[in-house]
Amino acid sequence: MKKILSICLFEIKRTFKKKSSIVLMLGMPLLFTFLFGSIFGKNADITFRIALVDEEQTAFSKDVIQKLMMDEMISYELVNALEAEELLARNEVQGIVTLEKGIATKLRNEKPPATFQPSLGMSTAPLVIQQVNQAMQAVDIYVAASQVGGFYFNESWESVYGRITENEGRIQAWTEQKTNAPTGHPMMGISYSSAGFSIMFVMIMMLSMTGTLIEARQAGIWSRLFTTPVTRFQVLLGYFLSFLIVGWIQFFLLILLSSTLFDVNWGSPAALLLLVTALLLCVVGLGIAIASLVKTVDQQHAIGTLVIISTCMLGGVYWPISMVPDVMRKIANFVPQTWAMEGLTTLIADSGTIGDIFMPLIVLLGFAVIFLFIGLSRMKYV
Amino acid sequence: MLTLTDVKKSFGAHEVIKGISFQVEKGESFGLLGPNGAGKSTLISMICGLIPNGAGEIRVNGKLVGKHLKETKQIIGVVPQDIALYPTMSAMDNLMFWGKMYGLSGKKAKARAKEVLNIVGLTERGKDRIETFSGGMKRRINIGAALMHEPQLLIMDEPTVGIDPQSRNHILETVKSLNEQGLTVIYTSHYMEEVEFLCKRIAILDEGKLIVSGTKKDLNNRLAGGIVLKLTVGTLHPSFIEQVKKLNGVEKVIVQTAEELDVHLQSKMEIVADVILLASQSGVVIHNMQLKEANLETLFLQLTGRSLRE
């Protein structure tokens with residue numbers, strides 16, 4: 001046990017002696033959290049502003065507008081068509097959403113009922129379109145019901161629609177929330193960025209740390225270690241523990257700093273500890289697996305960075321996974337970050353408990369077992 | 001201290017160690033000499049339990065290496081060919097780490113690291129990072145790491161590769177002094193002068209086989225008289241070579257190049273005059289002539305027809 005601890009503590013000491021480790025562990029994640037949190041956050045200094053033109057002026061269009069206005073990521077400004085053009089010309093808005101006349105009829109006839117005119121180079125146009133579509137789909141069900149009701153009661157659909165939407169509030173009372181189960185609240189802004197970038201930079205840090213396995217092998221340190229009375233198990237466990245502890249320290253400091261600086265509430269500490277541990281096991285496993293498949297540290301960094309960045313994109317680390325198409329969401333189930341983000345969302349946005357993150361925990365541990373099996377079975381020691 | 005009995009090792013179909021046997025006594029300094037690829041490092045790896053031996057027996061202090069790995073590893077200190085140290089850590093940190101790997105407690109490791117720094121002559125650089133050291137200083141700490149647990153047997157695998165003469169001398173003097181204090185040393189190198197300086201007994205390996213072993217005196221006796229006449233000529237005529245071989249007192253003739261010839265003599269200096277006469281009669285122009293005392297390199301050349309540093 002002493003030898004395991006000696007290897008572990010020595011590796012931790014080595015890690016913290018490098019100034020670059022501190023930048024990678026804390027500086028970069030906090031910077032990215034702040035930048036991205038500002039872009040996507042409700043506390044954001046920088047928000048997307050979109051002009052909203054209501055040509056329809058009916059109860060239906062007002063409901064669509066009401067739903068859009070509730071959005072926390074984009075700020076909609078209700079103006080007339082002329083004002084909208086002027087705002088766009090002055091770059092005060094990033095685009096114009098127009099709800100056209102006859103919107104309900106068009107929707108029923110499967111014709112586009114709204115248009116979106118983005119400013120030049122606007123990268124978040126798909127996000128706006130998706131939100132407008134979602135708002136209209138949510139309201140469309142009432143239009144469909146109103147048209148059927150109007151036919152049977154021999155009334156105009158608009159009057160039936162008015163009656164239905166006035167009673168909308170009753171529907172919400174049909175389901176009673178009995179537990180602390182996730183309510184599916186989206187995690188937004190700084191909280192989202194904190195969770196996402198903590199995951200990404202812990203992954204990058206662990207990649208860098210597991211690279212020491214290749215360095216040690218190349219420098220002949222492992223060969224020398226195995227001429228001493230230590231076993232492979234002791235060496236591997238020593239390294240493994242050092243990776244986990246550095247990961248824990250990094251996550252703990254990020255939690256502490258994001259709570260202090262950005263007022264992020266990370267939820268239940270016990271559940272968070274378990275989730276972070278499962279994530280770290282998975283990430284260390286991934287690092288060891290990559291280290292076992294390559295010959296040099298440069299190869300490991302190149303392949304590892306590619307894997308981390310691409311899977312972070314898929315797993316909803318940079319932006320909410322709800323923004324991507326269904327196919328991508330299905331693919332995302334096969335990357336660990338998706339489950340880590342789901343777990344963190346449950347803890348942060350829904351104040352979830354250990355029971356609520358059971359599924360993410362199991363999946364992350366499953367990934368860890370697979371990665372560690374690949375890594376340890378392919379590892380070259382001498 | 002160390003006994004090898006018919007040790008063999010193969011990697012796939014390639015047999016790299018072909019039945020080697022020798023013994024090293026306690027307190028002895030034993031040299032393993034051989035060119036690159038002779039099997040020295042493989043043999044050392046087997047002795048220190050890094051790789052298993054394919055056949056035969058290796059015993060350290062009577063204990064079979066394969067069966068009592070932990071005990072035998074504790075007896076041995078290994079100085080690898082690579083500088084197996086952590087460059088971003090200090091010399092002290094490195095030494096303490098390796099001490100702990102041999103079971104030393106924190107306090108003992110610290111105290112011993114100070115002693116070892118003194119042994120290798122780097123006391124004042126203890127707190128400096130290894131990456132700031134010269135090649136020679138790194139080699140000295142590399143040796144120091146193997147001394148941390150006060151081993152009974154020190155195995156050194158080419159410990160002076162790529163360093164300046166001053167550091168090399170320091171290392172050789174340190175090892176000699178340690179041996180004089182009772183430490184058993186196995187020293188491998190393809191620098192025969194290092195082995196000659198340090199070791200009382202020497203084994204020469206080539207292509208996985210032990211081609212000769214014994215004390216320096218034994219090996220010198222095997223040398224053909226101890227003198228080599230090195231000739232550089234215009235053009236070598238085959239008839240001239242044949243006539244030189246037939247001269248009384250000529251042990252062996254080795255053609256090095258189209259213009260170079262080594263004539264191994266049985267210490268009869270008068271033969272030199274006969275060789276000059278023969279050259280003159282055969283029309284061979286002698287450009288240069290050198291008489292050299294034979295050494296281990298010469299012996300290796302005699303036995304294999306190849307140079308140690310090929």
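Student: What does A:Trp222 touch, leaving out residues up to four places away in sequence?
Tutor: This is a predicted model. In it, A:Trp222 touches A:Leu213, A:Ala216, A:Arg217, A:Val235, A:Leu236, A:Tyr239, A:Met379, A:Lys380 and A:Tyr381. A touch here means heavy atoms within 4.5 Å.

Student: Which nonpolar core counts A:Trp222 among the residues with the most contacts inside it?
Tutor: The largest one, which has 155 residues. A:Met206, B:Leu43 and B:Ile141 are listed alongside A:Trp222 for the most contacts inside this core. Helix α9 of chain A, residues 189-218, gives the most to the core, with 16 residues. There is also a second, separate core of 25 residues, and A:Phe60, A:Tyr142, A:Trp157 and A:Tyr161 are among its members.

Student: Why would such residues be found together?
Tutor: In soluble globular proteins, nonpolar side chains tend to be buried together.

Student: Why is A:Ile374 called partly exposed?
Tutor: Its relative accessibility is 32%. Buried means under 20% and exposed means over 50%, with partly exposed in between. The value of 32% falls in between, so A:Ile374 is partly exposed.

Student: Where is A:Ile374, and what is it in contact with beyond four places in sequence?
Tutor: A:Ile374 lies in helix α16 of chain A, residues 358-378. Beyond four places in sequence, A:Ile374 is in contact with A:Ala289 and A:Ser292. A:Ile290 is 84 residues away from A:Ile374 in sequence, with 8.9 Å between their C-alpha atoms.

Student: What makes A:Tyr152 exposed?
Tutor: Exposed requires over 50% relative accessible area. A:Tyr152 has 65%, so the label exposed applies. A:Tyr152 sits in helix α6 of chain A, residues 125-153. Together with A:Val148, A:Phe151 and A:Phe153, A:Tyr152 forms a nonpolar patch on the surface, with about 540 Å² of accessible area in all.

Student: How do you know that A:Cys8 and A:Cys312 are buried?
Tutor: The cut-off for buried is under 20%. A:Cys8 has 2% relative accessibility, so A:Cys8 is buried. A:Cys312 has 0%, so A:Cys312 is buried as well.

Student: How many disulfides does the structure hold?
Tutor: Zero, over all chains. A disulfide would need a pair of cysteine sulfur atoms within 2.5 Å.

Student: What is noted about phi of A:Asn91?
Tutor: Phi of A:Asn91 is near 60°, a positive value in a residue that is not glycine. A:Asn91 is in the loop of chain A between α4 (81-89) and β3 (95-99). With a relative accessible area of 60%, over the 50% cut-off, A:Asn91 is therefore exposed.

Student: What about phi of B:Asp6, and is this residue buried, partly exposed or exposed?
Tutor: B:Asp6 also has a positive phi, about 45°, without being a glycine. B:Asp6 is found in strand β1 of chain B, residues 2-11. Its relative accessible area of 38% is between 20% and 50%, so B:Asp6 is partly exposed.

Student: How much of chain B is buried?
Tutor: Buried residues are 52% of the 310 residues in chain B. The secondary structure of this chain comes to eleven helices and 14 strands. The accessible surface of chain B is about 13,700 Å², and 48% of that belongs to carbon and sulfur atoms.

Notes: Residues are numbered from 1 along each chain as its sequence is written. Chains are lettered from A and ligands numbered from 1 in the order in which they are written. This is a predicted model: local features need pLDDT of at least 70, side-chain atom pairs count only at pLDDT 80 or more; totals for chains, interfaces and linings use all residues. Side-chain values use heavy atoms; hydrogens and water are left out. A nonpolar core is a set of buried Ala, Val, Leu, Ile, Met, Phe, Trp, Tyr and Cys residues joined through side-chain atoms within 4.5 Å. Buried means under 20% relative accessible area, exposed over 50%, partly exposed in between (1.4 Å probe, protein chains only). Helices (H or I, at least four residues) and strands (E, at least two) are DSSP runs, numbered from the N terminus. Accessible areas come from the Shrake-Rupley method with a 1.4 Å probe; for residues, only the protein chains shown count as cover. Patches are made of residues with over 30% relative accessible area and no salt bridge: like charges are joined within 9 Å, nonpolar side chains (Val, Leu, Ile, Met, Phe, Trp, Tyr) within 5 Å. A salt bridge is a side-chain nitrogen of Lys or Arg within 4 Å of a carboxyl oxygen of Asp or Glu.
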